[in-house]
Amino acid sequence: MPRTSAEFETALNLAIDSKTKPIASLGRLEELAAQICRLQGTLRPVMERCELIVFAADHGIAEQGVSAYPQTVTQQMVLNFLNGGAASNVIAETLGIMMRVVDAGVIGAPIDHHDLINRRVASGTADFSQEPAMTDEQLQTALAHGTELALETQCDAICIGEMGIANTSAATLIVHKILGLALEDLVGRGTGLDDAGIARKLSVLRRASARTTAKLDWRSALAEYAGFEIAMMVGAMIAAADSRRIVVVDGFIATSAAVAALTNRPEIDGALVFAHLSAERGHALILDALGVLPLLDLKMRLGEGTGAMLAWPILQSAAAIMNDMATFQSAGVRRKS
């Protein structure tokens with residue numbers, strides 16, 4: 001992100017501290033307000049429009065029994081999104097958030113629906129316990145699709161969501177290979193595995209991890225272990241940040257995409273807002289490794305961008321205090337002596 005000048009920072013601090021409140025009394029709301037102002041390069045920020053993009057794709061690793069649900073559920077849930085029946089639809093409608101659904105690589109025949117955005121790279125990835133999840137060419141295609149989709153929006157903030165059976169396994173290995181966090185600390189229940197299922201998942205992921213070197217660069221980690229939806233999320237995050245839009249990061253899987261994006265382009269950190277702490281095991285550890293604090297902790301682990309969208313009213317409020325809140329001078333309120 002472009003760095004602000006010392007003059008801008010002085011004006012920003014004065015604008016926030018001049019509001020009719022004790023210094024820093026709005027806590028993280030003030031921090032968000034400052035972040036938005038810096039990103040947009042103005043003391044009069046705009047947070048009027050928000051969009052959710054849900055990227056959906058399947059993963060070959062599902063064949064190893066790492067999920068409690070069959071792969072067919074991915075396509076079924078895409079249809080549920082398109083028919084307005086998912087939690088993400090309900091939250092988006094409630095909060096006035098636009099929603100787009102992207103087929104990044106769902107298995108089976110292409111879905112025919114007028115509201116679906118078809119960006120299928122392939123019918124699911126390869127089984128990464130046996131071979132790389134995707135080719136370098138497929139990775140580049142997925143990153144480019146994510147970039148294009150992010151640049152098409154005219155919103156002020158973009159929420160990044162996903163759907164894909166077994167994508168917690170992909171996210172786990174991406175983070176493990178980039179940040180070096182232990183697999184046993186990252187592997188969680190996903191869609192609802194029991195203890196035996198978690199043990200099986202950990203065993204499969206250890207075997208998959210052993211195929212490659214202990215640590216990988218962001219691009220290699222994506223090619224070896226990501227899903228097409230995660231790769232598109234990385235492209236979308238970077239492109240949205242470059243266009244000075246707030247990127248609202250959802251839970252465990254979206255955060256794995258953010259890890260790859262930040263490793264590639266650390267300067268985009270000023271555009272990213274981490275919405276909530278997922279109940280998925282390992283998410284707190286990843287956030288701690290990134291040095292970020294999520295806004296909310298609602299014990300959610302659904303994905304779909306649901307947690308990200310719940311941060312939207314907070315972002316709107318942060319911008320509103322800059323634009324609409326009175327100053328001590330304008331309100332005739334006496335400052336602390």
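The radius of gyration is taken over C-alpha atoms, and the globule rule is 2.2 Å times the number of residues to the power 0.38. For a chain of 337 residues, a compact globule would therefore have a radius of gyration near 20 Å, and the 20 Å found for the protein chain agrees with that. The structure is a predicted model, in which local features need pLDDT of at least 70 and side-chain atom pairs count only at pLDDT 80 or more, whereas totals for chains, interfaces and linings use all residues. Residues are numbered from 1 along each chain as its sequence is written, and side-chain values use heavy atoms, with hydrogens and water left out.

Along the principal axes, the C-alpha atoms of the protein chain fill a box of roughly 70 × 45 × 35 Å. The chain contains 15 helices and 6 strands; helices (H or I, at least four residues) and strands (E, at least two) are DSSP runs, numbered from the N terminus. Of the 337 residues, 55% count as buried, where buried means under 20% relative accessible area, exposed over 50%, and partly exposed in between (1.4 Å probe, protein chains only). The accessible surface comes to about 13,700 Å², of which 52% belongs to carbon and sulfur atoms; accessible areas come from the Shrake-Rupley method with a 1.4 Å probe, and for residues only the protein chains shown count as cover. Among contacts (heavy atoms within 4.5 Å) with a separation of 6 or more, 75% are made by residues 24 or more positions apart.

Two strands are taken to pair if DSSP finds at least two bridges between them. Strand β1 (residues 50-57) is joined to β4 by 7 bridges in the parallel sense, with E51 bridged to I158 of β4. Strand β4 (residues 157-163) pairs in turn with β5 over 4 bridges, again parallel. In this pairing A157 stands opposite I246 of β5, and I158 has V247 as its bridge partner.

The structure holds 0 disulfides, a disulfide being a pair of cysteine sulfur atoms within 2.5 Å. The sulfur of C50 has its closest cysteine sulfur in C159, at 3.6 Å, which is too far for a bond. C159 is accordingly in no disulfide, with the sulfur of C50 as its nearest cysteine sulfur. Both cysteines are buried, C50 having a relative accessible area of 2% and C159 one of 0%.

Q71 is found in the loop between β1 and α3 (72-82) and counts as buried at 18% relative accessibility. A polar atom of the Q71 side chain lies 2.8 Å from the backbone oxygen of H59. Apart from neighbours within four places in sequence, Q71 is in contact with D58, H59, G60, A62, I107 and I165.

D17 is found in helix α1 (residues 6-17) and is partly exposed, at 27% relative accessibility. Not counting residues up to four places away in sequence, D17 touches I23, F328 and R335.

Most residues other than glycine have a negative phi. A24, although not a glycine, has a positive phi of about 65°. This residue lies in the loop between α1 and α2 (28-40) and is partly exposed, with a relative accessible area of 48%. R244 also has a positive phi, near 60°. The position of R244 is in the loop between α10 (228-242) and β5, and R244 counts as partly exposed at 34% relative accessibility.

Conventions
Polar contact = N/O pair within 3.5 Å; in protein donor to acceptor, adjacent residues only side chain to side chain.
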